[in-house]
Amino acid sequence: MIWLGIDPGLAIIGWAILSGDETCLPEIIEYGIIETSKNITTGERLAEIETDFVSIINEFQPEGIAIEMPFFNRQIKAAGGVLQALGVINLVCFRDAHLTPIFLHQSSWKAHLGNGRAKKAEIASTLQQLFDLPDLPIDDSVDAIAIAYSACCGLRNMID
């Protein structure tokens, strides 16, 4: 099964494609980030996110999609933009992949890797060991890989 993992945002969105199931270690097919410029309008940024996700879905044809459920404290100014981006991502998942994504809470997918409070560098280190990777960027794609991995390995069964 092919899983698309997504770490949502407006400025930077991490994404990862993994192939596998609950019976064995999945394979990382591809991963990356989508960055939008702060120098363009929110509408233009959302259109860019839509275009990029349509391309990802068309290229990889995911059979499952897992997205981190955003958590905001009261001081987060970017919440509105993140939620708008999440709406566009959810629309593309429904319209272009005909899938309803599952939403994973950050603490649950992080705990699936061993530490519910792990920082991005710790997550990258765990993924490097798990997948025997020589190098992994410390960016939002790391979280997306971990999100896809958690869904691929059955974490979705815990929250359905």
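The questions and answers below concern a predicted model.

Q: Why is Ser141 called buried?
A: Buried means under 20% relative accessible area. Ser141 has a relative accessible area of 1%, so Ser141 counts as buried. The residue sits in helix H5, which covers residues 140-152.

Q: What makes the pair Ser141 and Asp139 a polar contact?
A: A polar contact needs N or O atoms within 3.5 Å, one able to donate a hydrogen and the other to accept it. The side chains of Ser141 and Asp139 are 2.4 Å apart at this contact, so the distance meets the cut-off.

Q: Which residues is Ser141 in contact with, leaving aside neighbours within four places in sequence?
A: They are Gly14, Trp15, Tyr31, Gly32 and Ile33. Contact here means heavy atoms within 4.5 Å.

Q: How do you know that the span of helix H2 agrees with its number of residues?
A: Helix H2 has 19 residues, 79-97, and at 1.5 Å a residue these should span 27 Å. The expected span counts one less than the number of residues. The end C-alpha atoms of H2 are 26 Å apart, which agrees.

Q: What do the buried residues of H2 pack against?
A: They pack against strands S1 (2-7), S2 (12-19), S4 (64-69) and S5 (102-105), and against helix H1 (42-60). Among these buried residues are Val82, Leu86, Ile89 and Cys93. Just after H2, His98 has a positive phi of about 55°.

Q: Why are S1 and S4 said to pair?
A: Two strands pair if there are at least two bridges between them. S1 and S4 have 4 bridges, in the parallel sense, so they meet the rule. In one of these places, Ile6 has Ile67 of S4 as its bridge partner. S4 is also joined to S5 by 4 bridges, again parallel, with Glu68 opposite Leu104 in S5.

Q: What makes the pairing of the sheet mixed?
A: The open sheet of 5 strands has the order S3-S2-S1-S4-S5. S3 (27-35) and S5 are its edge strands, since each pairs on one side only. S2 and S3 run antiparallel, joined by 8 bridges, whereas S1 and S4 pair in the parallel sense.

Q: Which strands does helix H5 lie across?
A: H5 lies across S1, S2, S3, S4 and S5, and runs at about 40° to S2.

Conventions. Residues numbered from 1 in each chain as written. Predicted model: local features only at pLDDT ≥ 70, side-chain atom pairs only at ≥ 80, totals over all residues. Heavy atoms only, no water. Helix = DSSP H or I, 4+ residues; strand = E, 2+ residues; numbered from the N terminus. Buried < 20%, exposed > 50% of the residue type's maximum accessible area, 1.4 Å probe, protein only. Axes fitted to C-alpha atoms, helices over the stretch in contact; angles between N-to-C directions.
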